[in-house]
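I am opening my notebook on this structure and will write down what I look up, one entry at a time. The sequence and the model come before my notes.

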Amino acid sequence: MAESNGAYSRSLSINSRLPSIQTQIPETEAVCHDDSTQPVKAQTIHELHSLQKKKSAPSTPLRSPRADSFNNLTDLERHSQKLQSISASLASLTRETGPRVVKGDPAEKVPESPVNKNIGIATPVARPVHHDPPTFNVSDSALKFTHVLYNLSPAELYEQAIKYEKGSFVTSTGALATLSGAKTGRSPRDKRVVKDETTENVLWWGKGSPNIEMDEETFLINRERAVDYLNSLEKVFVNDQFLNWDPEHRIKVRIVSARAYHSLFMHNMCIRPTVEELEDFGTPDFTIYNAGQFPCNRYTHYMTSSTSIDINLARKEMVILGTQYAGEMKKGLFSLMHYLMPLRNILSLHSGCNMGKEGDVALFFGLSGTGKTTLSTDPNRYLIGDDEHCWSENGVSNIEGGCYAKCIDLAKEKEPEIFNAIKFGTVLENVVFDEHTREVDYRDKSVTENTRAAYPIHYIPNAKIPCVAPQPKNVILLACDAFGVLPPVSKLSLAQTMYHFISGYTALVAGTEDGIKEPQATFSACFGAAFIMMHPTKYAAMLAEKMQQHGATGWLVNTGWSGGRYGVGNRIKLAYTRKIIDAIHSGELLEAEYTKTEVFGLEMPTALEGVPSEILDPKNTWSDKDAYQETLLKLAGLFKNNFEVFANYKIGEDQSLTEQILSAGPIF
């Protein structure tokens, strides 16, 4: 201890002989030695946190014709109008007023201010004349505020999901992994549409139709159940967004939901408004009430389970009960567009779309497994959209603002654009990941095979923003023919295009148990039967009219088997299919020589550079010609049986159009 003290004394003695530090800086030199600043102005932690966030600055000019009137409003008046609109959307049918709504997260204790004191809104709502329920002026919901989390950013929604929603995690690439609960796919048998004077003679009802009817009273019962549930929550998420990139035909939609996951999903999938567009959003054209996990009452008339997805086109509303699968919202809005757009003489399409550097546009139709996503996502062409489009007098426009891609077996080598799009802001549904590294295993089907990623379309590098394009030049129908009898490519007449568009054919590969089983033919009208609202021939007639008007050519491309059915032949190489698609885009195939097939009467080219000539005619690739003929007739019979449900539908006064479509089918 003494030795230690002695060392310390010697140290002091040495230090005392060191020159003192110069602290006076000549005025000519810059003052750089002191980086301290004044203390923060905040008096409380809350004030300090409030300094961390600043209000978003307007980024685009106001375009609305009513912009001047909005500019004259104070911030408080503008804020009040927005809350009145949301309160009206959440209004119960059995109370005189809508709920008292307040903007913000209930977890944040915000001190009172002049704005905060006046944001409780109770809006009188006009009752529909067709419904006169008893009035209850007093209820617990009148004693509380419903907090509205309005058009939150992805970062804010991440925070909400991770804090409050079990099963929400950030993956290694920054995506939000979440669970959709017991339902990991759509529930088409639980989808209902109100049949009333608005829809009775316009929509497609009966055999083969996806529209299962319900009456308005049952819809209102389910609506009341969903709204009461949402109003009972401490907070709800509200998205005000757009459908359709064509500004002339844009639709305003409002989505009210209970989960941050659903809000982020719709933020990605719909078109995102600017700050200025939100100020002038006004009353939505259509509203979704997503009660998520809260079930319907299965003893209610028309209900067959605890899940119900209901659309009322007269009221412009959709109600979701008993399922948290986000795809129900996406496809519900697609069904809406399949109703609204044809009434404006605009064709709604379940298709992909891309555009070449010279402005040539192609539409891609195809069911699952046909290669629609792979072939429409071409790095050498601009992506307009991957799934939903409108074809109007202005050209083609994407309905959505995002993509909803399947993730099962996703690999960077196969689909780099989709793989790289899974980053911050993307929603990953029902995927499995390493609990430590958070790296996703896209091969793992433990939760479901229907794993999905939802991301904004601008996450794809070659996406064209805005997502609009000129009139299409080519209409490509894709079929994965596991029977192996359709040519790799066929040029279609207008009538043949209508026939195969209505048929919507592909073949699913059967499982292998005790040997290889028969392929299973699948038909989905207009390549999206679950979402169309009117009769398929209505959409087909519109397609033919627009193709004829703008000089577009129809093509049938088989991405399936050659040289025999599944288990005997081989799948057509992707490289050959890409050569075919490239030849369609370039116009090379229009100059080719053609020969006609038997039975289906399809025109197939005799030669195409980069594709072996022998595979262009499927009959040449079969060693057993009798087996080929037998399989060809079998598939033709399946086409004919499928088309019987459409054969008696009348188009026009003399049904001449119907006869043209029927004559374009297989003849045997």
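Which residues in α7 are buried? I keep in mind that this is a predicted model, and I find that T218, F219, L220, N222, R223, E224, A226, V227, Y229, L230 and N231 are the buried ones in α7.

**Entry on helix α7**

I looked up the extent of α7 and found that this helix covers residues 216–232, which makes 17 residues. From its first C-alpha to its last, α7 reaches 24 Å, and this is close to the 24 Å expected at 1.5 Å a residue. I then turned to the start of α7, where a side-chain oxygen of D215 comes to within 3.4 Å of the backbone nitrogen of E217.

**Entry on salt bridges**

I next asked how many salt bridges the structure holds, and the count is 16. As background, I noted that side chains of opposite charge can pair when their charged atoms come close.

I looked at K330 and saw that it forms a salt bridge with D387, with the closest N and O atoms 3.0 Å apart. This pair links distant parts of the chain, since K330 sits in helix α10 (residues 327–343) while D387 sits in the loop between β15 (382–385) and β16 (388–392), 57 residues apart. Are these two partners buried or exposed? K330 counts as buried because its relative accessibility is 4%, and D387 counts as buried because its value is 9%, buried being under 20%.

I also found a salt bridge between E388 and K330, whose closest N and O atoms are 3.2 Å apart. Because E388 lies in strand β16 and K330 in helix α10, the pair ties together parts that are 58 residues apart in sequence. Both E388 and K330 are buried.

A further pair that I checked is R381 with D360, a salt bridge in which the closest N and O atoms are 2.9 Å apart. R381 is in the loop between α11 (372–376) and β15, and D360 is in the loop between β13 (352–355) and β14 (361–365), so that distant parts of the chain, 21 residues apart, are linked. R381 and D360 are both buried. I noted as well that salt bridges with shared partners join K330, K331, K372, D387, E388 and E400 into one network.

**Entry on S335**

I finally looked up S335, which is found in helix α10 and counts as buried because its relative accessibility is 0%. Which residues does S335 contact, leaving aside its neighbours within four places in sequence? I found K191, I311, F531 and M533. S335 and I311 are 24 residues apart in sequence, and their C-alpha atoms are 9.1 Å apart in space.

Technical notes
Residues are numbered from 1 along each chain as its sequence is written. This is a predicted model: local features need pLDDT of at least 70, side-chain atom pairs count only at pLDDT 80 or more; totals for chains, interfaces and linings use all residues. Side-chain values use heavy atoms; hydrogens and water are left out. Helices (H or I, at least four residues) and strands (E, at least two) are DSSP runs, numbered from the N terminus. The expected span of a helix is 1.5 Å times one less than its number of residues. Buried means under 20% relative accessible area, exposed over 50%, partly exposed in between (1.4 Å probe, protein chains only). A polar contact is a pair of N or O atoms within 3.5 Å; within protein, one must be able to donate a hydrogen and the other to accept it, and residues adjacent in sequence count only if both atoms are side-chain atoms. A salt bridge is a side-chain nitrogen of Lys or Arg within 4 Å of a carboxyl oxygen of Asp or Glu. Contact means heavy atoms within 4.5 Å.
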